[in-house]
Amino acid sequence: MAEVSGARLHTPIDVTPLIDPQVQESAIQAIRETLFAAKSPVVFIDGLAKSYHVQESCRAIARKLRIPVYHGTMGKAVVDETENYYAGMYQGAISDPHLQEAFENSDCALVIGAVECDTNRSEERRVGKEC
């Protein structure tokens with residue numbers, strides 16, 4: 001059996017995401033236009049926001065937009081639940097009926113960190129409506 005040198009294991013791997021500034025700006029503009037055109041937009045934050053360590057960015061977005069913010073079971077405590085824009089925990093069919101109705105009647109949901117699974121929202125379907 002041939003022996004392989006372990007020297008390359010000491011070379012750091014750059015895992016910095018490659019972000020094209022023009023593409024990023026275009027995406028930001030499209031999101032902005034869609035949210036501002038919506039009559040009843042909401043934000044939905046879930047567990048992957050924690051996994052990718054973007055909680056502070058989520059809080060900043062919530063503070064800036066000041067539209068209803070919901071979270072999934074795994075997204076609890078990402079945003080300040082004492083803020084007046086905090087709407088509650090959306091869990092699909094097992095949500096509080098008033099909360100479920102308000103969320104599902106929104107015409108646009110900015111979804112951050114969604115964990116698409118039935119155990120998170122009690123059913124197999126995507127969060128909110130397409131916008």
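## The largest pocket

Eleven nonpolar, one polar and two charged residues make up the lining of the largest pocket (Ala, Val, Leu, Ile, Met, Phe, Trp, Tyr, Cys and Pro count as nonpolar, Asp, Glu, Lys and Arg as charged, and the others, Gly among them, as polar). This is a predicted model, in which local features need pLDDT of at least 70, side-chain atom pairs count only at pLDDT 80 or more, and totals for chains, interfaces and linings use all residues. Residues are numbered from 1 along each chain as its sequence is written, and side-chain values use heavy atoms, with hydrogens and water left out.

The volume of the largest pocket is about 390 Å³, counted as the space filled by probe spheres set on grid points joined across faces, edges and corners. Of the 14 lining residues, Ile31, Leu35, Ile61, Leu65 and Leu110 lie nearest the centre of the largest pocket. Helix H1 (21-37), H3 and S4 each give two or more residues to this lining; helices (H or I, at least four residues) and strands (E, at least two) are DSSP runs, numbered from the N terminus.

## Nonpolar cores

Now to the packing. The largest nonpolar core has 16 residues, and Val43, Ile45, Cys58, Val69, Val79 and Ile112 touch the most other members. Such a core is a set of buried Ala, Val, Leu, Ile, Met, Phe, Trp, Tyr and Cys residues joined through side-chain atoms within 4.5 Å. Strand S1 (41-45), helix H3 (55-65) and strand S4 (108-112) supply at least two residues each, with S4 giving the most, three.

Beyond its neighbours within four places in sequence, Val69 is in contact (heavy atoms within 4.5 Å) with residues including Val43, Ile45, Ala62 and Val79. Another core, of seven residues, lies apart from the largest one and includes Phe44, Tyr70, Tyr90 and Ala109.

## Aromatic pairs

There are four aromatic pairs in the structure (ring centres of Phe, Tyr and Trp, its six-membered ring, within 6.5 Å; planes under 30 degrees apart are stacked, over 60 edge-to-face, the rest tilted). The ring centres of Tyr70 and Phe103 are 4.9 Å apart with planes at 80°, so this pair is edge-to-face. Both residues, Tyr70 and Phe103, are buried (under 20% relative accessible area; exposed is over 50%, partly exposed in between, with a 1.4 Å probe and protein chains only).

Tyr90 and Phe103 are stacked, because their ring centres are 4.0 Å apart and their planes at 25°. Ring pairs link Phe44, Tyr70, Tyr90 and Phe103 into a cluster.

Key
1 Å grid on protein atoms, 1.4 Å probe; cavity = no way out; pocket = protein on both sides within 12 Å on 5 of 7 lines; lining within 4 Å.
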